[in-house]
Amino acid sequence: MEVPILKQGAYLIASIQAALSDTDLLHFRDVLMKHVGLYRARGVIVDVAALDVMDSFGTRVLGDIARMISLRGAKTVIVGIQPEVALAMVQMGLTLGAVTTTLDLEEGLAYLDENTKPPAER
Amino acid sequence: MSESANSSNNSSGPSGSPQHGVPLVTEADIVAARQKGRELALGIGFSPGDATLIATAISELARNIVTYAKRGEIRLIPIELNGKRGLTVVAQDEGAGIPDIRQALQDGYSTAGRLGLGLPGVKRLMDEMEIVSEVGVGTTVTAKKWRT
């Protein structure tokens, strides 16, 4: 299962379309990380609205993705966590730490517009 | 996987409630198990929210098996007690067993360098949970959730 990653200006938008296996999720992490360098992205949005379960593994990998992207100098926003998924995460005691989350894609883009610098002139 | 091995399961009548077994060998089976669980939970009349809690619990239990025991099975059993309906999730493996169950139930404890929220998390997602484990023989986790 490939996660489509769209480039929009200095941002990358990755929409997880369906349930991912652990291997799929780790593959997505690596591909996304390559894209950040390839497209010199300043901001990355990971849309998880289609995910029906976020367990400890999924939460850990999403957090890792955001921290890795941060180390590469870009900002990450996780968007679209469903209310049921949020409930399950809270009951499990899972948090995304300092990772920015927004309600949906629109809010995510607005956050990136406010919090990222334009790409460097080359 | 014999029926008689599962002695702790009193509230489910084996006659009237069909079991659904999902074998766990690869991690793709984790997704299959939790999808089956959600589907059954919704069929029993659980709310979408509760069905998500159940699916998340199954995901954790299934991952424990694939990570630690390598292979095992998730059995899903619709239950009924005093007019209340629910779902029992049995996660059974023939892995190394858990030497110290109390420790495994502590938040933050993990032997695989994970978050260590697996079993304590499942306990919070479900209404009842019981672990039977014998070193060298295997582990059976039985978790129930009742419809509200």
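How many bridges pair β1(B) with strand β2 (residues 72-81) of chain B, and in which sense? The two strands pair in the antiparallel sense over 5 bridges; strands count as paired if DSSP finds at least two bridges between them. Within this pairing, B:Leu24 has B:Gly72 of β2(B) as its bridge partner.

A word on what you are looking at: this is a predicted model, in which local features need pLDDT of at least 70 and side-chain atom pairs count only at pLDDT 80 or more, while totals for chains, interfaces and linings use all residues. Residues are numbered from 1 along each chain as its sequence is written, and chains are lettered from A and ligands numbered from 1 in the order in which they are written. Helices (H or I, at least four residues) and strands (E, at least two) are DSSP runs, numbered from the N terminus.

**The sheet of chain B**

Chain B holds an open sheet of 5 strands in the order β1-β2-β3-β5-β4, with antiparallel pairing. β1 (20-24) and β4 (128-134) of chain B are at the edges with a single partner strand each, so one side of each has no neighbour in the sheet. From one strand to the next, the twist averages 15 degrees. Angles here run from 0 to 180 degrees between N-to-C directions, and axes are lines fitted to C-alpha atoms, for helices over the stretch in contact.

Helix α1 (residues 28-44) of chain B packs on this sheet, touching β1, β2 and β3 (84-93) of chain B, and its direction makes about 165 degrees with that of β1(B). Helix α2 (residues 48-69) of chain B lies across β1, β2, β3 and β5 (138-146) of chain B, at about 10 degrees to β3(B).

β5(B) is mostly covered, with 7 of its 9 residues buried; buried means that 20 or more other C-beta atoms, placed from the backbone, lie within 10 Å of the residue's own.

| Strand pair | Bridges | Residues opposite each other |
|---|---|---|
| β3(B) and β5(B) | 8 bridges | B:Thr88 and B:Lys144 |
| β4(B) and β5(B) | 7 bridges | B:Val132 and B:Thr140 |

The hairpin of β4(B) and β5(B) has 3 residues between the strands, and B:Gly136 takes a positive phi near 85 degrees there.

**The sheet and helices of chain A**

In chain A, 5 strands form an open sheet with mixed pairing, in the order β1-β2-β3-β4-β5. Its edge strands, β1 (5-8) and β5 (100-102) of chain A, each pair on one side only. β1(A) runs antiparallel to strand β2 (residues 11-15) of chain A, joined by 4 bridges, and A:Ile5 stands opposite A:Ala14 in β2(A).

α1(A) and α2(A) pack with their axes 11 Å apart at an angle of about 10 degrees. They are therefore roughly parallel to each other (angles under 35 degrees count as such). Among the residues making the contact are A:Leu25 and A:Met33 of α1(A) and A:Phe57 and A:Ile65 of α2(A).

**Where the chains meet**

Between the chains, 18 residues of chain A are in contact with 22 residues of chain B, contact meaning C-beta atoms, placed from the backbone, within 7 Å. On chain A, α1 (22-38), α2 (56-71) and α3 (83-92) each supply at least two residues of the side that touches chain B. The largest share of that side, 6 residues, comes from α3(A).

Key. Contact = placed C-beta atoms within 7 Å. Buried ≥ 20, exposed ≤ 12 C-beta atoms within 10 Å, placed from the backbone. Parallel < 35°, antiparallel > 145°, perpendicular 65-115°, else oblique.
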